[in-house]
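Colleague: Could you take me through this model before I set anything up? I would like to start with the overall layout and then go to the ligand.

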Amino acid sequence: MATYSRLPGSVALITLHNPPVNALSAAVRQGIVDAVQRALKDPKVTSVVICGQNGKFCGGADIREFAGPMLGPPLVPMIHAIEAVDKPVAAAIEGVALGGGLELALACHYRIAHSKAVLGLPEVTLGLLPGAGGSQRLPRLIGLTAALDLITTGRHVSAAEALKLGVLDQVTDSNAVDLAVEFVRSVAGQPLDSRRLSTLPCPCPPDVDSLLDKVMSKVRQRSRGALAPVACVRALRAAASLPYAQGMEKERELMATLFNSGQARALQYAFFSQRVVGKWSLPSGARWDNSTARIISKAAVIGLGTMGRGIVVALALTGISVVAVETQEKQLAEASRVVPAMLQREAGRRRLATPPGVISFSSNLQDVSEVELVIEAVFEDMSLKLQVFKHLSSVCRPGTLLCSNTSGLDIDQLAAVTQSPGLVVGMHFFAPAHVMKLLEVVYGPRSSPEAVATAMQLGKRMGKVGVAVGNCPGFVGNRMLKPYLEQANFLLEEGATPRQVDEALEEFGFPMGVFRMSDLSGLDVGWRIRKEAGLTGPGVESTRTRQGRRYSPLPDQMCEAGRLGQKTGKGWYQYDGPGGRVARSDPWVHIFLETYRAEHGLVARSITLEEILERCLYALINEGFNILQDAVAAGPEDIDAIYVFGYGWPRHRGGPMFHADQVGLGRILQRLNQHSHPDVPHLKPSTLLRRLVAAGSPPVQKWREFINKERVHSQL
Ligand SMILES: CC(C)(COP(=O)(O)OP(=O)(O)OC[C@H]1O[C@@H](n2cnc3c(N)ncnc32)[C@H](O)[C@@H]1OP(=O)(O)O)[C@@H](O)C(=O)NCCC(=O)NCCSC(=O)/C=C/CCCCCCCCCCCCC(=O)O
């Protein structure tokens with residue numbers, strides 16, 4: 001709702017009440033409509049201030065309402081009515097003015113904000129555009145170029161930047177509501193025409209068409225296949241070229257298409273998934289709201305390879321002091337040179353001051369004795385990690401949390417060699433660790449709620465999306481990746497080329513197909529894991545069935561030929577020398593594949609884009625169902641957040657489990673059955689998938705409840 005009060009003198013104060021962010025629900029909109037009417041009718045009122053309760057102006061339209069029928073007064077006419085008021089109206093912005101919240105403020109004649117406020121039009125991130133006049137008013141206020149940036153990226157800006165851009169009239173370090181009240185009193189009676197943004201022309205650069213074309217191709221490239229950024233540019237083209245009323249008509253038309261699109265549903269699901277994973281729970285009953293996190297101020301990172309360096313920077317950016325340990329002198333010297341530069345660059349990118357002197361480098365493991373938490377990031381080798389954990393357990397003071405950045409090794413085995421297994425968890429970062437948002441927090445059967453809570457809390461401080469997952473080979477992300485990669489290799493055996501597979505996946509929306517990704521991360525990573533698993537290496541027979549299952553030795557043979565990807569200048573593609581970035585098809589690979597097929601009596605067939613997507617994605621999704629069934633992930637949102645934030649799954653497709661729901665569980669089951677083969681167990685439909693289909697394919701939001709019920713009745 002919204003409350004109306006008349007302040008001493010002649011100012012009406014309208015306060016939005018809808019915790020926690022004063023979203024514009026039907027009740028709030030009704031409250032605003034009523035309060036504005038009251039202010040208009042009251043002859044003693046000469047000016048109006050709109051603010052939000054509890055130091056938050058407004059977080060925008062109520063996203064939860066988008067899923068149902070729209071009730072209450074519509075937003076657009078409400079906002080128009082505010083602009084038309086003939087008494088000065090000011091928005092007093094504290095906390096946030098986002099989306100519809102900022103659009104409400106843009107309808108006001110003046111905008112005054114607290115210096116800590118954050119503003120933005122993030123609708124594009126929800127698959128929408130600023131459809132309450134924002135796409136037409138903002139460019140008229142700050143010019144087309146700046147509006148294009150804010151609206152197509154959805155980025156939040158500080159009050160200082162908003163003031164500079166001209167979004168705000170004043171910024172204060174003290175009470176924004178008091179200042180706004182004082183201000184509107186001072187301007188009461190003054191003409192308002194020039195303050196109504198809908199009446200203003202849109203300031204445009206001379207080469208407006210070329211600017212719009214440039215931005216259009218940029219957004220198409222950046223968010224492949226996403227509808228909303230394209231619609232945002234179209235709405236802004238209308239603002240630049242049409243009178244306001246026609247621009248609004250275009251905005252409405254574009255919004256109607258977006259609003260009902262699957263992409264908007266997917267992006268809104270992704271928004272809520274990100275919040276659901278923060279409310280973690282473990283099978284033991286420990287949860288985010290009944291477990292206490294320790295506040296870490298001193299940490300250590302062991303191993304300063306690529307991952308370790310990124311983790312040091314991520315910790316240092318939060319102000320935590322870090323002891324960075326590397327026992328190899330050469331690596332230590334290089335890290336001591338490179339890490340401070342990385343820190344400075346990343347702080348600059350985030351517009352933060354570089355935290356001074358928070359990192360100390362050492363070659364001595366003994367130097368971690370005083371820290372509260374250690375993150376081990378040494379080479380992915382179990383015996384080495386076991387040695388490090390044993391050593392840490394004796395060096396660190398009792399109670400120190402010991403975390404491993406392993407990407408899939410057994411956390412429980414590491415915990416077992418320490419004196420306090422309860423204090424061991426996995427903190428699986430993704431490269432580059434100071435940039436990538438995902439953090440898998442891996443709990444073993446003995447990890448204490450406090451250890452999980454602390455790792456999750458630390459992740460949050462580092463700006464990560466932390467997802468608590470159970471302990472199994474590969475955890476969630478890499479476990480699901482395995483069948484995906486496996487199918488991609490099988491497709492090569494059967495006649496596809498790396499480019500064909502990659503193009504299908506990139507067309508789907510991945511920033512990079514599986515083979516380009518493999519070239520980037522290095523083919524030797526998987527090679528080493530397969531060697532450890534006894535799947536390849538000296539003494540292993542070169543057959544296409546290993547350990548009782550279909551196996552493709554293609555990636556091993558690539559490694560044996562020295563083709564490790566970008567770092568060697570050759571992998572599934574060829575590059576302009578080692579470290580090259582531009583992937584070109586390589587005739588060598590085609591001959592290699594032809595020779596391989598001939599050797600194994602395989603006849604290449606033509607493979608459709610549809611088959612590539614089904615084989616790769618449905619195999620991955622099927623493993624997702626197995627993971628839910630095994631309770632390694634608490635719900636589909638956990639899996640989806642992992643894939644969106646860590647594996648390049650296109651956000652506008654919600655995540656693999658959301659995608660399965662959209663495609664239809666019945667169809668996924670039918671296609672898996674079709675592609676299934678006794679020696680490819682990853683394609684055997686999971687029991688959970690079968691049971692969901694048998695239960696009438698409930699929507700993804702109901703799966704958690706379904707799984708819990710099935711578990712109680714021992715059906716899973
Ligand atoms: C920065 C935040 C605001 C706060 O962050 P933080 O403090 O970290 O807290 P969170 O954990 O994120 O959030 C706390 C809880 O609040 C919930 N929340 C947050 N924002 C909203 C919201 N806007 N609506 C609902 N709920 C919200 C959040 O989920 C948490 O609750 P829980 O833990 O999950 O229970 C941060 O939250 C944030 O960034 N929020 C989102 C801000 C945002 O994106 N705002 C834009 C929203 S979209 C919008 O405003 C659109 C405006 C134009 C709409 C025009 C409407 C016209 C419709 C017409 C359609 C016509 C077509 C029909 C045609 C036809 O069918 O015929």
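**Layout, sheet and ligand**

Modeller: The chain is divided into domain 1 (2-259), domain 2 (298-473), domain 3 (496-599) and domain 4 (609-712), with bounds that come from an automatic or database domain assignment. This is a predicted model, in which local features need pLDDT of at least 70 and side-chain atom pairs count only at pLDDT 80 or more, while totals for chains, interfaces and linings use all residues. Residues are numbered from 1 along each chain as its sequence is written, and side-chain values use heavy atoms, with hydrogens and water left out.

Colleague: How far apart do the centres of domain 1 and domain 4 lie?

Modeller: Their C-alpha centres lie 40 Å apart.

Colleague: What is the strand order in the open sheet of three strands?

Modeller: The order is β5-β7-β8, with mixed pairing, where strands are DSSP E runs of at least two residues, numbered from the N terminus, and two strands pair if DSSP finds at least two bridges between them. Because β5 (96-98) and β8 (157-158) each have a single partner strand, they stand at the edges, and one side of each is left without a neighbour in the sheet.

Colleague: And in what sense do β7 and β8 pair?

Modeller: They pair in the antiparallel sense over two bridges, and Val 118 has Ser 158 in β8 as its bridge partner.

Colleague: Switching to the ligand, which polar atoms lie by its oxygen atoms?

Modeller: A backbone N or O atom of Gly 100 lies 2.7 Å from a ligand oxygen atom, and a polar side-chain atom of Lys 279 lies 2.6 Å from an oxygen atom of the ligand.

Key: Helix = DSSP H or I, 4+ residues; strand = E, 2+ residues; numbered from the N terminus. Polar contact = N/O pair within 3.5 Å; in protein donor to acceptor, adjacent residues only side chain to side chain.
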